[in-house]
Amino acid sequence: MPSALSYVLAFAFVFPGVLALLVRDPRRSRIVGFGGGAAASFLGLSMTLAGAAQGKTVRFPLPAPVPWTVSELYMDGLSAFFLALIFLLGFLASVYAVGYMREFDEGRRGQSAPLFFNLLLLSMALVVSAGDMLSFLLGWEGMSLSSYFLVVFEHERAEARRAGLIYLVATHIGTGGILVAFLSLVRQTGSFSFNGFAAVPFADPALLAATFGFALLGFGTKAGMFPFHIWLPYAHPEAPSPVSALMSGVMIKMGVYGIVRFLFYLLPGAPASFGGVVIVLGLLSGVFGVLYAIAQHDVKRLLAFHSVENVGIILLGVGAASVCLAQGQAGAARILLAGGLFHTLNHALFKGLLFMGGGSVFQGTHTRNIERMGGLMRGMPLTGLTFLIGSMAISAVPPLNGFASEFEIYRGLWEAAGKGGVSPGLLITAMAGLALIGGLAFVCFVKVVGTVFLGTARSPQAAAARDPATSMAFPMGALALLCVAFGVAPALALDPIRSLLPIGPVSLPVSPPPETAGTFTVAAALCAVVGGLCLLRFFLLRRNGKQAAGTWACGFAYSTPRMQYTATSFADPVIHVFRGLLRPHTVREERAKGRFLTEIQFDTHVLDLFENGIYLPLYRLFLRLAFLARRLHPGYIHLYLGYILGTVVILLVLFR
Amino acid sequence: MTTLAVLLLLLGIHLAVSERIRPAIRSLAAQGFLLGLLPLLDTAGTDWRAVALCVSTIAVKGAAIPAILSRAVSRLEIGQESESLISTRAAIVLTGVLTLSAFVACERFGLTGKDQIGGAAGLTLLFSGLLTMTTRVKAVSQVIGFVVLENGIFLLGAASGSEFTLPIELGIFLDLFVAVFLMGILMFKIQRAFTHTDVANIHALKD
Amino acid sequence: MESLLHMTLFLALAPLLSGIVRKTKAFLSCRRGAPLAQPYLDLWKLFRRGIVRSTTASWIFDLSGPVVLGGALVLAAATPLYGREVPIPMHFVFYIYLMALPRFFQTLAGLDTGSAFGGLGSSREAAVSAMAEPALLLALCGLAHLGAADSIGGFLASLPSGSVFRHPETILIAGTLFLLLIAENARIPVDDPTTHLELTMIHEAMVLDHAGVDLAMIQMASHLRLAVFSALASSVLFPHSLTLTPGLGVPAAMLRLALCGVLIGAVEAGTARMKLSRVAPFLMVATVLASIALALQYAG
């Protein structure tokens with residue numbers, strides 16, 4: 001996109017946000033603010049697609065944010081992919097927000113949201129199109145701050161403030177890591193621009209490893225990678241649902257973008273061990289993410305843990321691609337990197353869909369606890385259907401898009417390990433881990449769909465819930481359609497992604513491998529068979545008759561919906577197997593009146609092992625050190641002057 | 001050779017994850033029997049030394065030691081369970097990991113093909129013997145673990161291509177036999193003194 | 001034409017296999033047992049019955065029968081029975097994941113009626129299959145590596161045959177597949193479909209609210225799954241039978257399946273059902289076996 005257009009785009013994002021602050025009527029404010037954001041995203045999406053179709057890197061200088069430096073934006077294949085991702089989900093989330101934010105109309109509490117929302121979109125676009133360190137960091141900080149304000153949007157609630165604080169600290173530790181990595185690159189190459197970084201290979205392997213380590217810390221924190229994931233399950237649930245959709249779907253992918261940018265562009269010749277570390281961390285993220293998700297009762301927290309899981313899967317693909325590239329298997333690397341990016345896209349689609357569905361359910365029932373829901377398929381058929389599609393996609397059930405991208409990753413891993421013999425131990429372990437993650441995600445989403453949408457309502461609110469308005473239903477429907485489309489015909493997305501990749505010969509493997517049936521064939525066969533069987537069932541039932549009756553309860557009747565199977569019980573077999581890792585915490589209280597037990601209260605939850613085992617002790621240590629440091633400044637001005645004197649003397653003596 | 005090694009490897013895993021004492025002793029006897037077959041298969045012609053080694057291995061490891069142990073179990077009335085400090089799930093996972101690392105280690109040693117499989121089987125036996133000794137509570141299990149460890153070393157030696165020298169092997173047998181015998185007697189003593197053979201409680205003896 | 005023969009064979013043989021299993025089990029426990037054709041009679045009876053549908057059930061419940069049977073049929077279409085050619089040649093990872101589709105609907109249908117039994121069964125079924133997944137993947141990876149192909153039919157037919165002693169890993173993989181067969185098809189050490197107590201069941205508790213046509217479809221799907229797993233596990237041991245001409249291959253396949261049925265029946269008669277908490281170690285053992293088979297391949 002030409003330079004002038006990007007200014008237009010920036011204006012298109014900021015102006016409606018500012019206008020929304022000024023409009024008095026909250027409804028108009030929503031429409032102006034988020035509608036403007038949606039329009040700007042649509043503009044951005046079409047510009048990106050048009051630019052990517054030309055197929056060459058576009059670059060243009062900007063007036064620098066800092067004097068004496070040249071700042072430039074550029075759009076190569078990787079940037080184009082992420083820009084498309086941001087604008088696509090940005091568009092749908094903005095449309096969703098127009099309807100969703102009605103909740104905050106009262107007392108005009110929602111007026112500031114459009115501005116931060118649009119700024120978040122704009123700064124993410126800046127992050128992925130930045131061509132030098134300074135504009136990158138500018139975008140990165142803008143993204144962190146605007147999303148912080150969205151997390152603490154409901155600042156009257158203490159949980160939101162606490163989540164915001166945790167998020168702010170985590171994201172700045174991450175920024176610190178990125179800054180150190182960039183400064184190391186600057187010191188090594190003497191340049192501030194990405195092209196300059198890539199031009200000079202590292203001489204010192206230890207320095208290279210340290211640089212990558214800091215970058216991984218920084219980007220991994222943003223991506224929610226294990227063990228830096230602890231902020232994510234706090235921050236994502238507290239934000240309003242469209243924001244959660246955007247944060248989980250797109251914002252954490254900025255971390256993935258950073259890791260890909262470093263591994264494949266900025267650190268040419270990265271050794272295989274870097275990719276190995278990424279694979280291991282990805283596996284751990286996947287397994288722990290899904291295990292913690294299974295133990296959750298709060299629907300948005302559960303989805304947030306699944307983001308950790310899916311980032312793990314993406315990193316698995318990206319890391320394995322790097323390993324293969326370092327070992328000279330460019331073909332497998334190409335499949336793997338394309339698979340990782342495809343999963344990035346797919347995760348944005350189905351996680352966006354699921355968060356939106358969760359938001360609609362929340363508006364209907366006013367609770368996030370899935371144990372208080374049930375039977376919503378009746379009142380909310382559209383939400384139910386789209387949520388079901390999203391759940392099948394995230395559990396990698398074919399023929400949906402979640403499976404399509406995981407299949408690519410499997411295929412690449414097998415291409416490398418099974419046929420090429422590249423570190424088979426690690427890569428086949430990764431395959432087995434991926435299978436375990438898939439199976440556990442399956443358990444988790446059967447649990448969610450089953451308790452939220454099926455059975456009977458467990459509370460009056462759940463019984464009264466209805467499908468949301470069109471502006472919220474449209475994005476959910478669109479995302480569900482995309483999930484099906486990319487699942488049935490993965491080539492729709494895979495071919496463009498492959499054409500954007502920097503590695504490997506372009507003519508390399510199509511998906512699926514020619515000798516086996518593709519998703520489309522299988523989906524067609526399934527549709528035909530299932531359709532035929534449905535017809536058969538229909539005619540047989542018309543002949544044989546069908547009668548309705550209450551659910552069989554051994555001759556008794558289910559007197560209360562609470563006699564249904566709960567989500568906690570559903571998850572129990574898995575939690576029981578992994579109790580050594582999860583350490584479930586159970587509280588059981590019995591109240592008796594005289595000799596008779598009248599009430600039993602049973603509560604079980606799983607605490608994050610790393611949060612309590614590592615971060616909390618670290619935090620306490622830090623606090624203790626801070627108290628020690630406080631003794632150094634008791635408030636006497638003379639002592640401070642003494643410090644200055646001491647410093648001057650030491651500097652003069654030691655450093656001439 | 002390979003099939004034998006794989007069978008031994010599986011027996012080693014079985015032993016490390018078994019929850020009862022009798023199956024563990026049976027697994028030990030089977031190991032002894034299979035190890036006895038090893039010298040017959042390995043040498044090109046069947047010379048008398050290989051036969052002697054075979055017979056003595058089967059006699060000591062396949063018959064005598066398991067018999068002593070199983071007599072000890074019935075005499076001591078210590079029950080069926082070989083109580084473990086870790087859960088069966090953890091034992092399975094650990095054994096799996098140890099087995100795979102045995103393969104990796106053998107690759108590092110430069111063993112390939114059949115030798116790698118034999119070496120890995122030997123290392124697995126060694127690991128599972130050590131694991132049994134580390135995690136099991138009862139004294140009998142300690143003895144079993146010790147014998148398995150020795151089996152592992154035997155197999156490792158065979159896989160790494162060293163010659164079977166009869167006097168040395170026989171000497172080792174004698175040592176092993178005496179050791180197991182002594183341990184058997186010791187177990188009786190412990191039993192009589194403390195009315196149980198729970199090794200975990202021995203630390204109470206320290207002053 | 002070939003495809004038609006393949007599917008007809010699967011559809012015709014699958015209930016018979018269940019009949020063989022039951023007959024063997026009855027024989028070994030000194031009972032006469034139901035006739036071999038009993039599963040066909042059951043299906044015929046159920047297909048002519050109407051259904052009683054719970055008032056709480058939604059469209060997912062109605063869809064579950066067709067999806068479960070449809071999924072099983074497509075799975076059967078990808079499984080080699082008497083030759084390497086199958087109607088739908090499928091990548092092995094795809095094959096594993098395709099099993100998730102019918103299961104997704106079946107477990108949801110178990111929750112759909114709001115019955116505690118359904119939830120109980122669904123929860124256990126989902127947990128068991130989640131833990132079986134890595135073992136299944138590793139086993140098929142091992143076969144794909146041995147047979148040097150990606151599709152199920154391709155690698156099964158090109159497995160090294162005859163020399164079981166030179167390739168102990170095939171035995172390990174066949175063993176793993178047999179353990180998985182037991183776990184995934186509600187067979188005795190893992191699950192007992194014939195007890196009178198729903199609380200102890202896995203699969204049968206889940207389908208307790210299905211009746212008539214729906215139940216017939218689900219039972220047919222269970223027969224098919226058993227046949228699919230048996231065909232897989234047995235052709236690992238006798239890969240040569242997949243390279244015969246159809247004239248010889250069909251009887252060979254029937255023999256293989258019958259052998260497998262007898263083996264399953266013998267295991268069912270000879271073992272007692274495990275506690276539920278023992279299922280996880282059982283599946284972990286399967287995983288360890290499969291990974292050792294892979295390690296052996298990369299070593300040897």
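**View 1. Chain A as a whole.** Chain A holds 26 helices and five strands; here helices (H or I, at least four residues) and strands (E, at least two) are DSSP runs numbered from the N terminus. The radius of gyration of chain A is 26 Å, close to the 26 Å that the globule rule gives for 656 residues, so chain A is as compact as a globular protein of that length. That radius is taken over C-alpha atoms, and the globule rule is 2.2 Å times the number of residues to the power 0.38. Along the principal axes, the C-alpha atoms of chain A fill a box of roughly 95 × 70 × 55 Å. Please keep in mind that this is a predicted model: local features need pLDDT of at least 70, side-chain atom pairs count only at pLDDT 80 or more, and totals for chains, interfaces and linings use all residues. Residues are numbered from 1 along each chain as its sequence is written, while chains are lettered from A and ligands numbered from 1 in the order in which they are written.

**View 2. Burial and contacts within chain A.** Buried residues make up 54% of the 656 residues in chain A. A residue is buried if 20 or more other C-beta atoms lie within 10 Å of its own, exposed if 12 or fewer, and partly exposed in between, with C-beta atoms placed from the backbone. Among contacts in chain A with a separation of 6 or more, 79% are between residues 24 or more positions apart. Two residues are in contact if their C-beta atoms, placed from the backbone, lie within 7 Å.

**View 3. Two cis peptide bonds in chain A.** One cis bond joins A:Phe226 and A:Pro227, with omega about -5°. A:Pro227 sits in the loop between α8 (205–223) and α9 (232–238) of chain A. Another cis bond links A:Pro398 to A:Pro399, with omega about 0°. For A:Pro399, the setting is the loop between α16 (381–394) and α17 (401–419) of chain A. As background, most peptide bonds are trans, and most residues other than glycine have a negative phi.

**View 4. Two residues with positive phi.** A:Ser423 has a phi near 20°, a positive value in a residue other than glycine. You will find A:Ser423 in the loop between α17 and α18 (424–453) of chain A. Is A:Ser423 buried or exposed? A:Ser423 is buried, because 20 other C-beta atoms lie within 10 Å. C:Cys30, also not a glycine, has a positive phi near 60° and lies in the loop between α1 (2–28) and α2 (38–47) of chain C. C:Cys30 counts as exposed, because it has 8 C-beta neighbours inside 10 Å.

View 5. Chain C has 12 helices and one strand, in the order α-α-β-α-α-α-α-α-α-α-α-α-α along the sequence. Its radius of gyration is 19 Å, which agrees with the value near 19 Å for a compact globule of 300 residues. The C-alpha trace of chain C spans about 60 × 40 × 40 Å along its principal axes, and 68% of its 300 residues count as buried. Helix α10 (residues 212–237) has 26 residues and reaches 38 Å from its first C-alpha to its last, close to the 38 Å expected at 1.5 Å a residue; the expected span is 1.5 Å times one less than the number of residues. In α10(C), 26 of the 26 residues are buried, so this helix is largely enclosed by the rest of the structure.

**View 6. Where chain C meets chain A.** The contact takes 67 residues from chain C and 64 residues from chain A. Several elements of chain C each supply at least two residues of its side, including β1 (51–54), α6 (116–147) and α12 (279–299). Which element gives the largest share of that side? The largest share, 18 residues, comes from α6(C). By class, the side of chain C that touches chain A has 38 nonpolar, 21 polar and eight charged residues. Ala, Val, Leu, Ile, Met, Phe, Trp, Tyr, Cys and Pro count as nonpolar, Asp, Glu, Lys and Arg as charged, and the others, Gly among them, as polar.

View 7. Strand β3 (residues 546–549) of chain A runs parallel to β1(C), and four bridges join them. Strands pair if DSSP finds at least two bridges between them. Within this pair, A:Ala548 stands opposite C:Arg53.

**View 8. Around C:Leu138.** C:Leu138 belongs to helix α6 of chain C and is buried, with 26 other C-beta atoms within 10 Å. Leaving out residues up to four places away in sequence, C:Leu138 touches A:Ala432, C:Thr287, C:Ala290, C:Ser291 and C:Leu294. The C-alpha atoms of C:Leu138 and C:Ala290 are separated by 5.7 Å, although these residues are 152 residues apart along the chain.
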